[in-house]
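Let me put the structure up, and then I'll talk you through the parts I liked.

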Amino acid sequence: MHILLVEPDRISARNYTSAFVAAGHTVAAAHTAQDAVHVADERMPELVLVELQLPYHNGVEFLYEFRSYTEWLHIPIIILSFVPPSELTEASVLTRELGVVQILHKPATSLAELCAVVDKATTVRQ
């Protein structure tokens, strides 16, 4: 599966990328919302993993822009963020309108758990 990883922290992005590649996925990393749109345009992802706290534009703004492209409407999205789920007052909007299949809190999610969620999303898509 080809994953678009939208993660502003470069060290975290490298760690996630290494884990996903070891699990047999390909990864294109972007550090800003604008870069993510360009990266997705170059090669359509099969899954998007996004941090909500991005520089310049936040992750929710990115998701609305991403979903504005009809060819990307079917792509599942996983949020992995430092924003606690309890503070996401629009979590139902994220899942209903933006196709977010899972919301994970970084401090409470191990790398193994993240890989399992990604693998589950892979299985669901096949």
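**Cores, a helix and some rings**

So, the largest nonpolar core has 25 residues, and the members touching the most others are L4, V6, V48, V50, F62, L63 and F66. The largest share is from α2, with five residues. Keep in mind that this is a predicted model.

Let's zoom in on L4. Not counting residues up to four places away in sequence, L4 touches A28, A30, A36, V39, A40, P45, L47, V48, L49, F62 and F66. There's also a second, separate core, with 17 residues, and I3, A19, L80 and A121 are among them. As background, nonpolar side chains tend to be buried together in soluble globular proteins.

Okay, on to helix α1. This one covers residues 10-22, so to speak 13 residues, and runs 18 Å from first C-alpha to last, close to the 18 Å expected at 1.5 Å a residue. Which residues of α1 are buried? That would be A13, Y16, A19 and F20. Looking down the axis of α1, the buried residues sit within an arc of 135°, so they line one face of the helix. Over on the other side of α1 we have R10, I11, R14 and A22, which are exposed. And following α1 there's G24, with a positive phi, near 95°.

Now the rings, for those of you who like aromatics. A pair of aromatic rings is described by the distance of the centres and the angle of the planes. The count here is three aromatic pairs. One of them is F62 with F66, a tilted pair at 5.5 Å centre to centre, with 40° between the planes. Why are those two about one helical turn apart? Because F62 and F66 are four residues apart in helix α3. Both turn up in the core list I started with. F62 is buried, with a relative accessible area of 1%, and F66 is buried too, at 0%.

Then there's Y69 with W72: the ring centres are 4.6 Å apart and the planes are at 45°, so that pair is tilted. Buried or exposed, where does W72 fall? W72 counts as buried, at 2% relative accessibility, while Y69 is partly exposed, at 30%. Put together, ring pairs link F62, F66, Y69 and W72 into a cluster.

T26 is in strand β2, residues 26-30, and counts as partly exposed at 34% relative accessibility. What does T26 contact beyond its neighbours within four places in sequence? M1, H2, I3 and R43.

S81, in strand β4 (residues 77-81), is buried at 1% relative accessibility. Leaving aside neighbours within four places in sequence, S81 is in contact with E51, L52, Q53, L104, H105, K106 and P107.

That's my tour, happy to take questions.

Note on methods
Residues are numbered from 1 along each chain as its sequence is written. This is a predicted model: local features need pLDDT of at least 70, side-chain atom pairs count only at pLDDT 80 or more; totals for chains, interfaces and linings use all residues. Side-chain values use heavy atoms; hydrogens and water are left out. Buried means under 20% relative accessible area, exposed over 50%, partly exposed in between (1.4 Å probe, protein chains only). Contact means heavy atoms within 4.5 Å. A nonpolar core is a set of buried Ala, Val, Leu, Ile, Met, Phe, Trp, Tyr and Cys residues joined through side-chain atoms within 4.5 Å. The expected span of a helix is 1.5 Å times one less than its number of residues. The arc is that of the directions from the helix axis to the C-beta atoms. Rings of Phe, Tyr and Trp (its six-membered ring) pair if their centres lie within 6.5 Å; planes under 30 degrees apart count as stacked, over 60 as edge-to-face and the rest as tilted.
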